[in-house]
Amino acid sequence: MSLLYNEIVNTYEKISSTTSRIMITEILVNLLKKASPEDVDKIVYLTQGKIYPDYVGIELGVAEKLMARAIALASGENYDKVIQLLKTKGDLGMVAQEILTRKKQAGILQFIQEEEKKLTVSEVYDTLVKVSKASGEGAQDIKIRLLTGLLKKATPIEAKYITRTVIGTLRLGLADMTILDAIAIAYLKSKEFRQIVERAYNLTSDLGYVAKIALIEGIEGLKKVKIKPGIPIRPMLAERAETEIEIIERLGKSFIAEYKYDGERVQIHKEGDKITLFSRSLENITHHYPDIIEKFKDKTNAESLIVEGEIVAINPNTNEMLPFQELMHRKRKYEVEKAMEEFPVILYLFDILYLNGEELIDLPLLKRKEILEKTIKTDEWIRFAEKRIINNIDELLKFFDEAVSSGCEGIMCKSTASDSIYQAGSRGFLWIKFKRSYQSKMVEPIDVCILGGFYGTGKRAGKLGGLLVGIYDPKNDVFKTICKVGTGFTDEDLDNLPKILEPYKIDHKHPRVISNIEADVWYIPAKVIEIIGDEITLSPIHTAAYNLIRNGVGLAIRFPRFTGRFRDDKRAEDATTEEEIIRMYKMQLKKIEEKSS
Ligand code: AMP
């Protein structure tokens with residue numbers, strides 16, 4: 001027999017009137033103890049205000065107005081009055097409770113009080129599932145009919161909570177960890193076993209399922225819970241380090257550093273031909289990246305696997321990485337196709353958690369990396385995260401500058417010790433993130449000289465897609481590169497540029513150009529354009545101010561954009577000078593110090 005819905009409602013009421021975590025856990029334990037195997041998972045989802053674990057991606061999705069109509073129909077109240085009351089109360093749950101109470105007192109509504117007709121958890125849950133599944137033509141009517149039916153059977157206080165659940169405003173604020181504690185106490189008899197419950201949760205991301213196993217099979221059942229492709233694993237998270245010294249202290253001699261890409265984390269699951277992508281918050285994001293799915297398909301012979309990586313948007317013309325905001329276009333259903341062309345993405349893989357029926361999370365990192373590299377074939381679009389073995393602070397700082405100047409947020413340092421397992425669902429010091437501690441906007445644009453060009457890809461294949469630009473060093477009378485720029489140009493600009501640059505085209509690097517980068521076409525330094533970026537960064541690649549700030553590095557512009565101004569009024573030698581850019585960089589540092597002091 002399913003539990004009465006009223007029991008959950010009593011729990012909601014008690015939880016809302018306390019802030020003590022111990023009390024809340026106790027209240028939940030009491031509820032769980034009353035649950036039967038048949039509805040324990042439903043009870044857990046409902047206490048979270050859900051009907052499924054998040055990764056399933058099915059939401060009730062009922063708008064407030066629709067629910068207001070159901071309340072009006074169930075109570076016989078005028079719809080406008082329901083809306084009016086909503087405006088004064090601000091909570092449709094309270095509105096439902098008040099209207100039903102009033103109608104009941106006036107004897108207009110009869111509440112079915114017989115024991116066998118009271119609402120059960122299963123009845124509420126199953127009806128909500130039907131509501132969530134109604135789709136297509138007539139879906140609204142079906143939803144209203146189902147909800148009206150439910151409200152007619154509900155007591156006023158039940159109606160309050162049904163309403164809040166349906167429109168997604170239950171917000172009891174129950175932490176996952178509190179529910180895990182309650183499961184351990186209720187079914188395993190002690191909080192001591194919390195870790196076993198937590199492990200099962202980290203591997204399945206489903207509290208309802210974990211509660212069910214705990215109730216039916218106890219500790220042994222939980223220990224047997226396994227990773228399953230298609231069901232997301234709660235991701236491992238990194239701790240933060242403030243200084244490079246702290247990293248070395250914590251990780252000792254045994255670690256690698258990787259680029260920390262500024263994109264979207266993704267867990268890729270393959271089961272046979274089916275490929276599913278999950279976000280860091282375990283949302284199913286498969287439909288955001290049809291291009292990745294297509295490209296990933298033939299990259300492995302594995303029957304089933306789970307790998308992790310970061311998806312980064314790039315400018316197709318220059319291959320520069322773009323800030324993660326550009327991935328927002330992927331979130332809008334009707335923009336995905338367009339975004340695929342305008343903002344293609346690269347997947348940088350950094351871990352493997354499962355392969356052909358075997359869990360790999362308890363293997364040390366280097367072993368996992370070895371398996372990852374053997375399992376996946378890479379190409380231009382699917383790559384491994386850039387990594388380096390680090391032996392000292394100098395190497396660490398150099399790699400950091402390289403990462404930042406390539407458009408990354410910083411680096412991830414990862415332990416390679418024998419205990420460097422994949423800690424699903426937890427944040428620890430086996431992974432340490434080291435980001436730029438400063439963030440300062442570049443306030444002034446600079447004038448740069450066009451030194452070379454790159455051909456684009458996709459729509460712009462074979463045409464000019466980006467430029468190699470530099471500043472002027474008057475002491476040596478040379479031009480030194482400071483960045484590649486491909487953003488901020490209109491299609492028209494890009495079509496006109498080859499014509500403008502044609503007279504300056506040469507088949508080799510000009511002797512007055514100092515560059516470590518090979519351009520597709522070279523130009524005589526002549527044309528000046530204005531650009532702005534997010535900030536001036538250290539760079540081991542670009543030659544501007546090379547060795548002048550620190551040995552082995554120069555300066556670059558992070559996320560540069562063409563401002564739209566061709567500086568035909570300037571000669572090449574009037575471009576921003578090396579001295580000026582050094583001054584700007586130092587000013588930027590000073591501002592950061594002022595901000596942080
Ligand atoms: P944060 O979001 O600042 O806590 O940093 C952790 C996030 O960095 C992860 O969730 C990933 O999305 C992202 N990330 C980028 N590159 C890497 C990498 N090489 N290894 C692990 N995480 C990475």
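**Cores, a loop and a helix pair**

A: The largest nonpolar core has 77 residues. Those with the most contacts inside it are Tyr5, Tyr12, Met67, Leu92, Leu128, Ile162 and Tyr187. Keep in mind that this is a predicted model.

Q: Which helix gives the most to this core?

A: Helix H10, residues 176-188, with 8 residues.

Q: And what does Tyr12 touch, beyond four places away in sequence?

A: Tyr5, Leu46, Thr47, Tyr161, Thr165, Leu170 and Leu172.

Q: What about a second core? How many residues does that have?

A: The second core is separate and has 67 residues. Ala302, Ile346, Ile390 and Tyr422 are included in it.

Q: Switching topic. Where is Lys253?

A: In the loop between helix H13 (244-251) and strand S2 (255-260).

Q: What is Lys253 in contact with, leaving aside neighbours within four places?

A: Ile390 and Asn391. Ile389 is 136 residues from Lys253 in sequence, yet their C-alpha atoms are 9.7 Å apart in space.

Q: Now the helices. At what angle do H1 and H2 cross?

A: Roughly 175°, with the axes of H1 (residues 5-16) and H2 (residues 21-34) coming within 10 Å. So H1 is roughly antiparallel to H2.

Q: Which residues meet there?

A: From H1, Glu7, Ile8, Thr11, Lys14 and Ile15. From H2, Ile24, Ile27, Leu28, Leu31 and Lys34.

Q: How do the residues of that contact divide?

A: Into 6 nonpolar, 1 polar and 3 charged.

Notes: Residues are numbered from 1 along each chain as its sequence is written. This is a predicted model: local features need pLDDT of at least 70, side-chain atom pairs count only at pLDDT 80 or more; totals for chains, interfaces and linings use all residues. Side-chain values use heavy atoms; hydrogens and water are left out. A nonpolar core is a set of buried Ala, Val, Leu, Ile, Met, Phe, Trp, Tyr and Cys residues joined through side-chain atoms within 4.5 Å. Buried means under 20% relative accessible area, exposed over 50%, partly exposed in between (1.4 Å probe, protein chains only). Helices (H or I, at least four residues) and strands (E, at least two) are DSSP runs, numbered from the N terminus. Contact means heavy atoms within 4.5 Å. Axes are lines fitted to C-alpha atoms, for helices over the stretch in contact, and angles run from 0 to 180 degrees between N-to-C directions. Angles under 35 degrees count as roughly parallel, over 145 as roughly antiparallel, 65 to 115 as roughly perpendicular and the rest as oblique. Ala, Val, Leu, Ile, Met, Phe, Trp, Tyr, Cys and Pro count as nonpolar, Asp, Glu, Lys and Arg as charged, and the others, Gly among them, as polar.
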